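Hi everyone, thanks for coming. Let me put the structure on the screen, and then we'll walk through a few of its details together.

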Amino acid sequence: MEHAGLAARMDRISTDDRILMVPMDHGITLGPVRGLKDIEGTIDAVTRGGADAVLTQKGIAPRVHANLNGAGYVVHLNAGTSIGPDSNDKRPTGTVKGAIRSGADAVSMHINVGSDYEPGQMTFLSELCEEAADYGVPVLAMAYARGANLAGDDPEHDAENLAHAVRLAEECGADLVKTAYSGDSASFEHVCESTRLPVIIAGGSPSGDLRTLKDVRGAMDAGAAGVSMGRTIFQHDDPEAMTAAVSAVVHEDADAEDALSASGL
């Protein structure tokens, strides 16, 4: 029975072990950008479109629950800003107990593996996993390969770096992990095989609807459990339709072209 709460909460943020999450914590990092001023309307749209869960910082919780349409809720527990000294320096913004008070089904934390801030973030992640386990609350580790200590032309999308990042998340005690997509299914299969945790991919900067859906298709083919896609969805001209298109790939195994056509985009 000790894992019943954890399993129940995982079910609230997923559908048949697959996950379409829409993070909307960007207000603390970037400010009230397009799609987040009326966050109530955006949450309503993406959850009507098929999102399993949305994610915000704790202070936005009062604006979330009335618009979830039955979806799950994740509270993010660290942050940095684009105008601060270094956006990679993510500092704690809350606790598991506070997230539970906010109605969260799960919590998340960002760690930049390879940055100068990795040691402190790894400590916070490990302590967070210990605290969350006491309450049966799932922890999503957003584990990115990002920082001055990484070499190569594109270290943030290098499959070996990503594999290290997702394995670190498991070793610290996380229940699921989000990371960047390596760019092709073959290399991302190595990433997914490097951990027993469900792996979900980040959306990154918007790159066009079809390109986005092809990346999602490639990640799913490689063994990913889904996506956590922010600006690509919440800043879309039609967030509900874009969510539906991504959902078709994640939950119905649709091809990218078919998903795009079926959504009306």
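Helix 6 and helix 7 are roughly parallel to each other, where roughly parallel covers angles under 35 degrees, roughly antiparallel is over 145, roughly perpendicular is 65 to 115, and the rest are oblique. Helix 6 spans residues 159-172 and helix 7 spans residues 185-193; they pack at about 25 degrees, with axes 8 Å apart. Helices are DSSP runs of H or I with at least four residues, strands are runs of E with at least two, and both are numbered from the N terminus.

A word on the source: this is a predicted model, so local features need pLDDT of at least 70 and side-chain atom pairs count only at pLDDT 80 or more, while totals for chains, interfaces and linings use all residues. Residues are numbered from 1 along each chain as its sequence is written, and side-chain values use heavy atoms, with hydrogens and water left out.

Back to our pair. Which residues in helix 6 and helix 7 meet? On the helix 6 side they are Ala-159, Glu-160, Leu-162, Ala-163 and Val-166, and on the helix 7 side Ser-187, His-190 and Val-191, with contact meaning heavy atoms within 4.5 Å. That contact divides into five nonpolar, two polar and one charged residue. Here Ala, Val, Leu, Ile, Met, Phe, Trp, Tyr, Cys and Pro count as nonpolar, Asp, Glu, Lys and Arg as charged, and the others, Gly among them, as polar.

Now for helix 3 and helix 10. Helix 3 covers residues 39-49, and it packs against helix 10 at about 30 degrees, with the axes 7 Å apart. Ala-45, Val-46, Arg-48 and Gly-49 in helix 3 meet Pro-239, Glu-240, Thr-243, Ala-244 and Ser-247 in helix 10. This contact holds four nonpolar, three polar and two charged residues. Among the buried residues of helix 3 are Ile-39, Ile-43 and Val-46; buried means under 20% relative accessible area, exposed over 50%, and partly exposed in between, with a 1.4 Å probe and protein chains only. Besides helix 10, the buried residues of helix 3 pack against strand 1, strand 2 and helix 9. Just after helix 3, Gly-50 takes a positive phi of about 120 degrees.

Speaking of phi, most residues other than glycine have a negative value. Asp-16 has a positive phi near 50 degrees, and Asp-17 has one near 70 degrees. Are they buried or exposed? Asp-16 is exposed at 73% relative accessible area, and Asp-17 is exposed at 64%.

Last stop, the cysteines. How many disulfides are there? The count is zero, taking a disulfide as a pair of cysteine sulfur atoms within 2.5 Å. For Cys-172, the nearest cysteine sulfur is that of Cys-129, 6.7 Å away. The sulfur of Cys-192 is 19 Å from the closest cysteine sulfur, in Cys-172, which is too far for a bond. Cys-172 is buried, at 15% relative accessible area, and Cys-192 is buried too, at 10%. Cys-172 is also touched by Met-122, a residue of helix 5 that is partly exposed at 29%.

Conventions: Axes are lines fitted to C-alpha atoms, for helices over the stretch in contact, and angles run from 0 to 180 degrees between N-to-C directions. Lists of a residue's contacts leave out its neighbours within four places in sequence.
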